[in-house]
Amino acid sequence: VAMTGDGTNDAPALKRADIGFAMGVAGTQIAKDAADIILLDDNFASIVTAAKWGRNVYASIQKFLQFQLTVNIAAVVTALVGAFVYQTSPLAAIQLLWVNLLMDSLASLALASEPPVEELLQKPPVNRTQSMISKHMWANMLGHSAYQIIVVMVLLFAGPDMFDLEPGHEAEDRDEHSTHYTLIFNAFVWMQLFNEINCRKLKGEVNVFKGMFNNPLFCGILITTAGLQVLIVEFGSIAFSVADDGLNGKYW
């Protein structure tokens with residue numbers, strides 16, 4: 001229940017309401033103190049704007065959670081399988097640090113910069129007891145993490161035969177940087193970059209690119225992280241535990 005008021009006598013109702021709106025110009029200080037939101041222009045139309053932006057913030061948090069949990073599931077399973085089978089993770093610690101930077105900082109900024117759209121006002125309100133992670137989000141996370149794990153496992157166990165490479169664990173035993181593990185790291189990061197686009201949608205929408213080009217910050221961060229990944233793989237060498245000569249064309 002929302003309540004609007006501007007006088008001192010409205011303060012108890014503003015305090016009791018789920019959301020209290022006070023008038024910024026005509027409202028008394030007591031009413032402002034009791035309210036949750038203050039309409040600075042005393043315009044009731046601003047309530048719609050506030051609702052739209054509030055829903056957009058909630059959706060942005062959901063998008064980030066969807067992206068982050070997908071990466072976590074895939075990364076943990078990959079590291080555990082590598083540790084159990086070969087006593088070494090195919091993803092080095094410094095590589096996981098880059099994935100973590102990509103996931104926590106750049107991706108959160110990109111997904112949080114999505115502008116509000118009119119469709120947000122057509123959705124029913126969210127119950128305060130409802131979980132922030134919806135069934136659609138669970139389906140998206142488990143489906144995409146399963147896809148990522150399958151790709152990484154195929155590259156981990158069948159990659160040397162498919163691409164005529166020395167198995168990564170054998171190179172690691174000699175303290176050499178493996179082209180095999182560099183290929184896995186590169187594929188893993190690129191899957192996260194494309195999943196960042198997928199995570200812009202929460203309800204299973206088919207067209208995940210809709211409205212993407214209306215957000216220059218998202219596009220800029222996506223292009224920047226893709227460019228940094230290319231530089232890391234080709235020139236990272238010792239710093240990022242990748243192959244000394246990078247990856248040649250056929251591995252890209």
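The expected span of a helix is 1.5 Å times one less than its number of residues, and helices (H or I, at least four residues) are DSSP runs numbered from the N terminus. Everything below comes from a predicted model, in which local features need pLDDT of at least 70 and side-chain atom pairs count only at pLDDT 80 or more, while totals for chains, interfaces and linings use all residues. Residues are numbered from 1 along each chain as its sequence is written, and side-chain values use heavy atoms, with hydrogens and water left out.

**View 1. Helix H8 from end to end.**

View 2. Which residues of H8 are buried? They are Phe-218, Cys-219, Ile-221, Leu-222, Thr-225, Ala-226, Gln-229, Ile-232 and Val-233, where buried means under 20% relative accessible area, exposed over 50%, and partly exposed in between (1.4 Å probe, protein chains only). These residues lie on the same side of H8 because they cover an arc of only 165° around the axis; the arc is that of the directions from the helix axis to the C-beta atoms. Turn to the other side of H8 and you will find Pro-216, Ile-223 and Phe-235 exposed.

View 3. Gln-229 sits in helix H8 (residues 216–235). Is Gln-229 buried or exposed? Its relative accessible area is 0%, so Gln-229 is buried. Its side chain makes a polar contact with the side chain of Asn-186, at 3.1 Å. (A polar contact is a pair of N or O atoms within 3.5 Å; within protein, one must be able to donate a hydrogen and the other to accept it, and residues adjacent in sequence count only if both atoms are side-chain atoms.) Setting aside residues up to four places away in sequence, Gln-229 touches Trp-98, Phe-185, Asn-186, Val-189 and Trp-190, where contact means heavy atoms within 4.5 Å.

View 4. H7 has 20 residues and reaches 29 Å from its first C-alpha to its last, close to the 28 Å expected at 1.5 Å a residue. Most of H7 is covered, with 15 of its 20 residues buried. At its start, a side-chain oxygen of Ser-178 comes within 3.0 Å of the backbone nitrogen of His-180. Further along, Leu-193 lies in H7 and counts as buried, at 4% relative accessibility. Although Leu-193 and Ala-226 are 33 residues apart in sequence, their C-alpha atoms are 7.4 Å apart in space.

**View 5. The largest nonpolar core.** A nonpolar core is a set of buried Ala, Val, Leu, Ile, Met, Phe, Trp, Tyr and Cys residues joined through side-chain atoms within 4.5 Å. Among the 39 residues of the largest one, Phe-185, Phe-188, Val-189 and Phe-218 touch the most other members. The elements giving two or more residues to this core are helices H3 (45–86), H4 (93–112), H5 (135–163), H7 (179–198) and H8. H7 provides the largest share, nine residues.
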